[in-house]
Structure formats: C-alpha cells, structure tokens
Amino acid sequence: MPDQEAKETRQSPQPASTAQAAAPGDRSPDRRTQPEPAAPPPAPELVSISIDGQEISVAKGTLLVEAARRLGIEIPVFCYHHKLDPVGACRLCLCEISPGPPKPQTACTTPVAPGMKVQTNTQLAVSARADILEYELVNHPLDCPVCDKGGECPLQDYTFRHGYPTSRIDAPRLHFQKPIPLSPRIALDRERCVLCYRCTRYYDEIAWEQELTTDQRGAHAFITSQFGEPLHSVFSGNIIDLCPVGALTSRVWRFESRPWDMNHTFSVCSRCSVGCNVTLWERRNQLVRVTSHENDAIDDGWICDRGRFEYTEVNAPERLRQPQLGGQPATWEAALQAVAEGLKGRRLGISLRRDVTNEELYLLSRLLAGPLKEARVAMEGRTYLPPPQGETLRIEELDTCKAIVVLGADTEKETPIVNLRIKKAVKKLGAKLLLINAAHLDLDRWPDSVHIRPGEAGLAAAARQLIGHELLQSGPVGIVHGQGPDETASADLVAAAQELAGSCGAKVMPLYQATNERGALVTGVVGRPDDLVGCDAVLCFGPPAVPLPASARFVVAWDTVLRPAHGRPDVTLPALSFAETQGSYTSLEGRVQFLRPPLEGRQPLRESWDLLCDLGVRLGLAELNRFAGIFQIQRAAAATFPDLATLANPPAPEAPPRPVLLGASRP
Amino acid sequence: MVELRGSHGQARDHLLTGLFGTYELHTLDVYRRHGGYETLARALRELEPEQIQAEVKASGLRGRGGAGFPTGTKWSFIPKDIPGPRYVVVNFDEAEPGTSKDRYLVENSPHLLLEGIGIACRAIGSHQAWIYIRGEYDGPYGMLRAAIAELRQAGILGDRPFDCEYALDIQLYRGHGAYICGEETALLESLEGKRAQPRSRPPFPAVKGAWGRPTLINNVETLATLPWILRHGGEAYAQFGTEKSKGTRMLSVSGNVQKPGVYEVELGTSFRTVIMELAGGPPEGREVKVFWPGGSSAPVLTGSMLDTSTDLDELARIGSMGGSGGVIVMDDSHCIVKAASRLLQFYAHESCGKCTPCRVGSNWAVRTFDRIQAGRASAVDMQILDRIQASLQGGRCLCGLGDSAGWVIDSTVKHFRVEYEAHCLRRLCPTGECEFARVEATAVA
Amino acid sequence: MTDTVRQGAGALSEQALAEIRALPARFPEIRSAVMPALDLAQEELGYLTPAAMAQVAGALDLDPGYVEGVATFYTLFHLQPVGRHHFYVCTNLSCALRGAHDISSHLLAQTGVSRFGEVSQDGLFSVEEVECLGACEYAPMLRYQHAYQYDLTPAKIDALVQAARREGAQPAAVAPPPSGTVPVPMVGPSEQGTPAPPQVARPRRRRSAGTRQEKSHG
Ligand SMILES: Cc1cc2nc3c(=O)[nH]c(=O)nc-3n(C[C@H](O)[C@H](O)[C@H](O)COP(=O)(O)O)c2cc1C
Ligand code: SF4
Ligand code: FES
C-alpha cells in the first residue's frame, strides 16, 4: 500500500501532513490533497416542478422519484434505494422529462430542476416500464407460492400495478444453482435476483467491504460471496432488507410464515447501547423476525446482525415458565419469600443483564438506597467508562463533523451501527478520520484515514499529542472514545478525550457498550465495585456478568433460560425477554427509547417491575407497594433522574406506514 | 513481413496516413525528421490553451470514436475553475467489430498519437494522460511503450518539455477483454480498477471523470488529427469534407471485399468509392448484399445504397451512423439472419450486465435467433425480436451498447424481412447458409 | 515457484508479490492497480486461482471479493487452467465472412481440443473463441503468444500447431532448439508420466517493445 507511511505515523503530532508532503513525487497529483469543497449547510432552496400535471415544490437536489412519492405518484424502482447512491441500472423508473433529450430518462438519477415537466403516464413511459418488468420476469422462476418475499415483494406489486397483464414469455429460462447459503443466516436464490446491485452497492458504499461481489457479466452475472465462502460481516443481514425480490432471504426465518401472517411493532434493539430501531414481527406469540425500522437520527436504516438474528432464544422451548425452589416447581409467593430471606444479612452481589430497563434500574436504585445498601453490582458487557460528563455528542451529529477522532475503540465490534455512521460521515459527507488505536481496525479501510499507533505512553498520551493538529481546526470535531485497556487507563483516557475536546471545541461520545449501561450509570445503580468478589449471596438478573464467586452460598437465577453459568441456583425466577418487557432503554447518546413488546408475557410469567416491587416490600421497603403499574414507575423515575425526564411522557406508538401508493397507469 | 493494407503515402486526402510506410516511422528520430513534435513544441511555447481550442473548433473536427461529437465543443465542457489534477484519457479500446483503424494508425505512427495527446493536454490544462489500450493489442502496446520511453529519454515527456514549464506525462493502461470498455464511462471505471460498468450521466466525465477529476476522453484517431490541424490551421482542415462533417477519416473496410484495408478518405466520399474502388469490391461474381457503414453498431445499409455519402449527418438522416468507421461488407452468398445472430451473440457476450434491458434483452434475442437458426421458429419469434429491439433502443439502456444491439435487429429485419420470414415461417434459408435449411432441402428433394 | 504450482497451491512468488505491492504508486487510487496485479499473477501461474486472487487482494489491501469480481468480468483473465499454447480465434463477423468457422474447426481438430475453452488431453493446447480483435483487414486471424497471426489458412494453422508441439516437448526453462532438429512428440508430458499441469511452464511474458515481426507491418 502506497500510503502506509501516511497511515501509520507513530505519535507524530502532525501525522497526515508531514507524511503526505514527503510522499514521492512520481505519482500523479491526486485527490488526496484536494478535498472536495465541503457542502455548505443545506439551505432550504425550493424548486418547483410538475409531475403528471401536479405542481410540487421540493428542496433543490431532490430526486424525481422522491418528489413523485411525495405527490403520491409511484414510480417503480429496483436499483434505487434512498440510502444508496443512485446508479440508474435497472431502468424501471423511466419517465419522460422536458426539457431534455427526446428519450425516456431515469427518475432515480435526475434531480429536480426549475420548470421541469415530468410525465410518468405517457405511452412511451408506461410501456418502457412494463417492458423492464417483463424482462425481469423472463428468467424469473416464478416460485412465488413458496417465496419468503411473497406479500412484501416489489416485483410482485410492480408487475401487478405497472406490468403487462398477460405473459408474453414462452422461452426457456436461464437457470442457476439454488438456493445457495451465503452464510449460516442468509440464503441466495440467483434465479430470483434482478441484479439491482443494491446488496453489493450497500456492501461497498455503506459497509466498506467487498466480500459480497458480482461475478461474470451480462446475463450470466450473478451475486456471490468471495470464493463462495460464508459472509462474515456483522452488517451482512441488511442485504435481506435491501433486496427488492426474494433473492436474499433470512435462513433464520426462512419458510417460517407469510408476511401477512405476522403482526409487527416498532421497538428498540436490545443487543447493544446504540439503540437502533427495529421492527419486531410476531406470529402466534412467537418472535419470528427482526428487521430494521429506519430512524435517521440513530441507525440510518441499518441494523447489525446481532440485532437481526439473535432473537431465537425468545422462542426457546427451554424458556423458564415457572419459579423453582431447589430445582422443584414452586409458587411465586414461596420463591420470592425465599429470595427475600436468602438475601437478608448476606454480603450481596447483583449481576444485571445488559438490557435491564430504566424502570427496573429505578426500582433497583431504590433497593440499593435502602435494604440492599451494601450490595456490589456487576453488569453484563459494561465498560469501565464513568457516567457521562456534560453534554455528549449525539449520533446524528456525526454527520456534521468535519473531523472524527476514534480513540481506543473498535466501533465495529463494540457499537456496530456507530461504525456505519462514522463511515457515512467520512465517505459520503467528507469528514476526516483519525484513528488512535494499537490494533488494525475496520475503519482502516478508508485509504485516507490517519492511523496513529500509541507508543509506550498509551492511548491517552497519543490523544493529548493530537491537540493542535491541523485536521481538527476546520470545523466541528467529534471524538468517539472507547474504554481503553483497563480501568485505570480508562479514567486517563476519558480525561485525555475531554482535554482534546476542550482544545478544539469538540464534543465527545463515550461508547458505552451494554444496552442500558448509560441508564445504569445515570441512576447510580452501577459504578460501585464492579465485581462479585467475596459475595455470599448473588442475585443474577440475566446471564451472570462475571463467573459466580466460589463464596456464593445462595444464588438466585432470574433469567429467561437457565444457563450453565448459573450453576445450580437455589431459586430460579423466570424472566421476560426483551420482546415481552415493557420499559425503556437509555442509549449511549443518552436518548431514552421505549420498548414496544410484540409478545405477551403469558401467565405465570410476571413483569420484572412487579417482581422488584414485590421483593422490595418483602425486604421492608413498603412504599414500593404503591406502584400499581409501569407508568407510575416511569413518572417517579422521571422525577428522580433528570436524564430520564422523557419517561414521564412516553410518545404514542408509531402508526403503521401508509399502504402502497397508487400506481401510475398500466400498459 | 505483413503487408500494409490501406492508405499510405502522399495523396490529397492523406492527412493522417501520408507518412505511413516511411521506413522506421515509429521511431522518434524518423518521426521528428518529418516534422514531428514541431506542433507540440509550438503548442507549449507559443499557444495558449484557448487558441488551441479555437483552432480545433474552427476545424470542425468531430470525434472519431463513434458518437461524432464536435471535439472543440467537448473540450469546452471541461471546467476551468476546478483546482487539482485533470486528465486526458485516450480511448484505444477499439473493440467494435469491423474496426481496426486505431491499431493501424498506432502501428504505423505511434508518435502521431502521442503528439496529439500532448496537444490535448495543453489545450485543457492537463499534465497527465492515460492511454487505455485493449489488452489484446500486444503489438501496439509494445510500440507505444517504446515510443513513450523515447519521449521520456528526449525530455518531451517530463517536467520541462521543450524547455517549457509544462510537465507532461503519458501512462499506458491495458484493458483485459471487454468491449464495453470502449464506452467512455465504463472505460473510466475500468481505469479505476473496477468492473467496467458504465456510469449514469450526469455527472459527465468532463466534470467528474477518472478518479473523480475532470477528464477529457477522446478516440485515438481524433487525437492523432490534432498535429495536422495545429500545423495547417483549423481553417485548412475545414476545407476537407462536407458542410457538417469536416476533414478526413479512416475507414477500415473488411469482410467480402477483394482489398480489405484501412483507407483514409475525405468525408463525403461515397461508400461506392470506398467499397468498390478502394477496397476492390466483392469477390468476382458477387454483389454487395449489405454493409455496415460504421462498425457493427451502425444500422445496416443495403447494396442498393452504396451511393450513400460518408458524411455523418447524411448517414444519420437515412437512419444509420458514421460510428467507428468500420465498414463491414457482406456479399450475397451470406445469410443476413446468421450475420445478425452472430452480432447479437457479440452484444450479449459483451453486455456488462448492469442495466436490465441490455442484459436480459440481448440474451433473449440470442436464444430467439438460436431457435430461428435451428428451424424451430414461428411468427411469434419475429414478434419477440421486434419487441426486444423496441425495448433496447431509444435510449432506454444505460449506455449505447443496448441501442446497438437493438439496431442490429431493427435494421436487418427492416431491410430483409423477407429473408427473416423465410427462416421463421417457411424454415428456409435463401442463401443455404443455415444448417437446418440444408437438411430440410435435402429431405424435400 | 514451479513446485508450489505443482502442488496445486497456486500461490504467488515473493518476487511477484513485491512487484504487485509496488503497483499502486503508479495510480491515484489503489484499486487501479488490481488489473496490472492480476496480470502479473496470471503471467506467473498461467491462470488465476482463488489463492492467487486472495494474495493479490492482500498485497493491495483489498477484499478478495473485489478482486474476484474484477477478474471474472474481463475475458483475458483465465479462471481455469489453459493449455500451454492458448489460441484466441476471432469468429466475429468480419472474420466469419472470410471463413473463420472453417479455420477454427480446423484448429480444434489439429490441436485435439474437442471444443472451445477446453484443454487438450496432453495439456498442450486450448482454443478460445473471441470477439473482434481489431485486425479485420487481415481476417481470418487469431492471437497466439502475444502476437497476431493473419490471413489464416489451414496450412498456416498446421504450421503453427506443429511449431507449438515441437516447443511443447521442451522443458520450459531451456530455450527451444532450432526448429527441425527435434522430432515431433506423439504424446504430451502428462501422458509420459511427468505430472506437469499445463499452466506451469509458460515463459514469462516479455513486455518490451514490439518485436520486429510485430512492428513490420506498420
Ligand atoms: C458500447 C460502446 C463502445 C464504444 N467503443 C469505443 C471504442 O472502442 N473506441 C472509441 O474510441 N470509442 C468508443 N465508443 C465511444 C466512446 O464512448 C466515446 O464516445 C469516444 O471515445 C469519445 O471520443 P471521440 O469524441 O474522440 O469520438 C464506444 C461507445 C459505446 C457506447
Ligand atoms: S446497455 Fe448493456 S453494456 Fe450498457 S450499461 Fe446497459 S447492460 Fe451495460
Ligand atoms: S430505479 Fe431508476 S434505474 Fe433503477
């Protein structure tokens, strides 16, 4: 690689500039030294056009497909996707545009221009689109009855609304081997593929990976993973959502249900602290599918594979349904009484699941302030990071940054969607990228990134050396930092990040990792000694965060399933999963978002807030008895913790999206 | 020794090929002895970019790569105010069936092209040119490599050519077997190391071309014409040719003619002169049945249209085009369906697969032609062909390849409907070239 | 090097990798180096193995999938072994009108290859049907050993194939002796029990200026 020097400067205060200037002169001068002129903040300049005789004013730069959509006019698209750069490949969106050359043009690549007149329903445009749809079906296997996409398939819908009413195809079809596993979780059916290249473009543009690629060319081109090896990216599942036909399907969900057989709710992902919005699909009280629910402020429409595929435990047959005492079924009454007695007077340790809700945390904070004062609290997957200091950088603010420093964090593994947001800010919006990390990172795929490897002095020292760096002088800077190698270093790292931020007016984003770690920090539930050393009673809410100490003589396992790490607990309490729980999470940026459980926690399962109140009362905290429902807890929590103020006003659940647009005319 | 087939030596209209055949013309020494690089030196020393552009505009030169777009106008699209590097990219992909003029030109006089490139660089303020040469052209590649090495040695490529503060560099980039790389945006993708799939325009290469920089793309012959234009003036060039098609162009004549070769002719010369005189006409006892006036992509003209002029607008008027200057002549012993089928195979094979109509349509057409040639066709197949051709052309594809495939079907069916019908309805091949017809004919007998 | 290929690993030599790593410096962006790099790989191995593509990707800091996508797009990259003597025969219209069909059939028959794209039993020959090679005035024509052969006749094909067979008998490293001194072998190396894959011994491509023969018609 030619710019190894540029990327790997060690602890030089001005790594990029010096190395760049020293680059050998033989190379033709290139774009690296010439940043594209930065886009000014979007001025809401409006442009008026007419589509099929209807006038509309939209922001300059809007593409015709989007403008038409706003008017309720459907221009069918395959290759166009609003999060990907337009390519004009499928030719399905052909319209007649005047002024312009006397031929149909693609609405997906054409931005509005003043005075433009667009016609989607002329003879030429209508037949051009119908022809394309016919072409898409020339080799299509038409196995719609057994296709997972059936019911939510644009190819079906468009053909119905825009295609020729009768089939004119009598030729034999091209065949490919099918279906092919692209990974244990994704199947590819090449015969159904319409080669819109959304998947490979997504991989290249958004995820910056090329393990998914196109082989061959012409009619024999097909999508494939590199050398047929399984995909490994943590972002691979998004291609399922992107595929406009049934070519890419989830093997986890494959043949599980017809789309119209499911109910869906818009909820929040429980896998990590980013708080991506998801759609949870329920069928017969089982969680059968998780897809993205676009929220541009957080996830930009993407979710990672953890969020998408790690839900099957919800439906596991070994789900705990009944409380147990010493391995024998027991009543809630007996079990809770046993817990209360077992905890009393013991050195208590509490282990929390990563997706503990704000409401649970509030109740825990009450318990920890009272009867359980001495308890140690560990949390599954949490970092050493301290509670946030002052205002932190919000995820969507990454888009406005001119430079982003990623300090001591492997965002791909720790907070996957933040990784994608950084990629977007860098590739699509032109932010400079500075990485401070000893290891090679996923973000190193950006050829112009400045990678600083910390020396002996450590990450914090390397960060302090950046103070005054020229790349940080030209506008908003975002500093994204992880926890560093250990607890002591972590404190210094946070301090260094703050100092660096102070030097250039930057905002800082500490990357908490556990789903509700930030909530646990602001409620003061965690932050005390982070282990269970020396505890002789342990209350495990969720999987044990650390191995249970040998000293534990009384163990409560409160979880959805019993795990080997729980050992042989004295009391077992069945817990609700994220798909059944009411409550909210505080994401790493401090946003409070509400869970919308699609499943009912059927009897005898009980809500965790209910159990915590019950337990509290048994431990002598009588006032917990007054909570008759989760709303009261939310209001109380909002009143106690300013960071949770949103809890007092939960937003109404989001309405389902509008049904399909009315189509343009049929041929 | 391979015999030189085509124009060489002095003639009124041999603006490019006049020196061809000169012993060792491909060496810098000999080329300079014949006045080579004088115009480049002048362009660098004395002329401002605007002056060069003005000369080219005055010459009326139109691109020789296929589209025939006025070269001066194209140059003026290159923005002046974008800082940073800009490139001249030379389209030496020449893969249009029936076209071999660029190869002929470079094999004879590589320095003529290189000098033209230097002038183009100067005209648009570029310091770096890339020659995209098709991978199969081993000979021309070697010659260009040697010629560029000579230029570096002589300092004509380098920081101070002819003692002017105007650094110049020319790099070679080999293609690897894909006709679509001739399409300018696909060429750029390929140059950037990607799968050569055309880009949607705008943005045009003039604004955002190679590696996102302003880029000028011209054909080899277009660029090789520049030294003559600058030496003699745009006006002098405009004396040649017709009203709208100025100058001369090189036509590679191939197929059923007695003297195939690359002939430089003044634009406006009739195809009768080109095919019947220069190229010696069809073999003894044969008639010209059909010819492709500008590479396989140009809609066909029949033998009765030999008097058509090579003027670009005249060709467009009668529904064809000047294209790449590859004149393919077919005599009456050959079957038009078979020829069209072979060309469709070519387009299907070379379709990049990016846009739907070309990817699916060309392949569907091939399968339909296969059925026709196997004697299993009916009236339906003619309808299918008609449908395919209609949805391939008219700008519905992302690039011109799709249109070309459509034109092959459209123009051959238009002029030879009877022959198609014989195949589809009566399972007969009038020329007897198609296998099935022979079988059936024997069976009937 | 040859040994690794024999073992089927299809891996590139250190020297080739070093050359590949130096390539990006010639271009404004790394990706542009992919094709020249694949060229070097193919020169060395005769065709592109997944291992070689992965190595190229590694040397250029790209994903192998990217390299695979590029390599499969272009027809000059071979993804399967080719014969030691590989012919690219043009069968496009200009050549077809002048008898390319008969020429290619004759070539197939002479080389003992049953169809286009296949390697002959002895591993010596393969024939590829290609689109117009841009030498239409010399139709019918073919490309062989980085040079064009013009105005083909069955007799010319015979001569080419015979010369190739003579050369094929020689160990690759040794320069072929003057023609006529070695009897034409009746069987290829693999049948004689030396398991040499066809792609092993191709001489490295010379990229110097065109030879006299190539230039002379210009
Ligand atoms: C499918 C296709 C193939 C083309 N092939 C070539 C080619 O081989 N050589 C060439 O010079 N132009 C080719 N062109 C034309 C180029 O796109 C472009 O118009 C030309 O290089 C511009 O140069 P000019 O203005 O000097 O003609 C092709 C165009 C299309 C659509
Ligand atoms: S017309 Fe053919 S070659 Fe051109 S973009 Fe479309 S598929 Fe590719
Ligand atoms: S959606 Fe416009 S071309 Fe595909």
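The model is predicted, so local features require pLDDT of at least 70 and side-chain atom pairs count only at pLDDT 80 or more, while totals for chains, interfaces and linings use all residues. Residues are numbered from 1 along each chain as its sequence is written, chains are lettered from A and ligands numbered from 1 in the order in which they are written, and side-chain values use heavy atoms, with hydrogens and water left out.

Chain B contains an open sheet of four strands in the order β3-β2-β1-β4, paired in parallel. Strands (E, at least two residues) and helices (H or I, at least four residues) are DSSP runs numbered from the N terminus, and two strands pair if DSSP finds at least two bridges between them. The edges are formed by β3 (169-174) and β4 (215-219) of chain B; each has a single partner strand, so one side of each is left without a neighbour in the sheet. From one strand to the next, the twist averages 20°; axes are lines fitted to C-alpha atoms, for helices over the stretch in contact, and angles run from 0 to 180 degrees between N-to-C directions. Six bridges join β2 (residues 128-133) of chain B to β3(B) in the parallel sense, and A129(B) stands opposite I170(B) in β3(B). Helix α5 (residues 101-108) of chain B packs on the sheet and touches β1 (87-92) and β4 of chain B, its direction making about 110° with that of β1(B). Contact here means heavy atoms within 4.5 Å.

Ligand 1 is surrounded by 18 residues, the closest being G65(B), N91(B), N218(B), N219(B) and T222(B); a residue is near a molecule or strand if one of its heavy atoms lies within 4 Å of it. The shell around ligand 1 comprises four nonpolar, eight polar and six charged residues. In this classification, Ala, Val, Leu, Ile, Met, Phe, Trp, Tyr, Cys and Pro are nonpolar, Asp, Glu, Lys and Arg are charged, and the others, Gly among them, are polar. Strand β4(B) gives the most to this shell, with three residues. A polar side-chain atom of T222(B) lies 2.7 Å from an oxygen atom of ligand 1, and a polar backbone atom of G182(B) is 3.3 Å from a nitrogen atom of ligand 1.

Around ligand 2 there are 13 residues, of which I180(B), C352(B), C355(B), C358(B) and C399(B) come nearest. The shell around ligand 2 has nine nonpolar, three polar and one charged residues.

Definitions and conventions
Polar contact = N/O pair within 3.5 Å; in protein donor to acceptor, adjacent residues only side chain to side chain.
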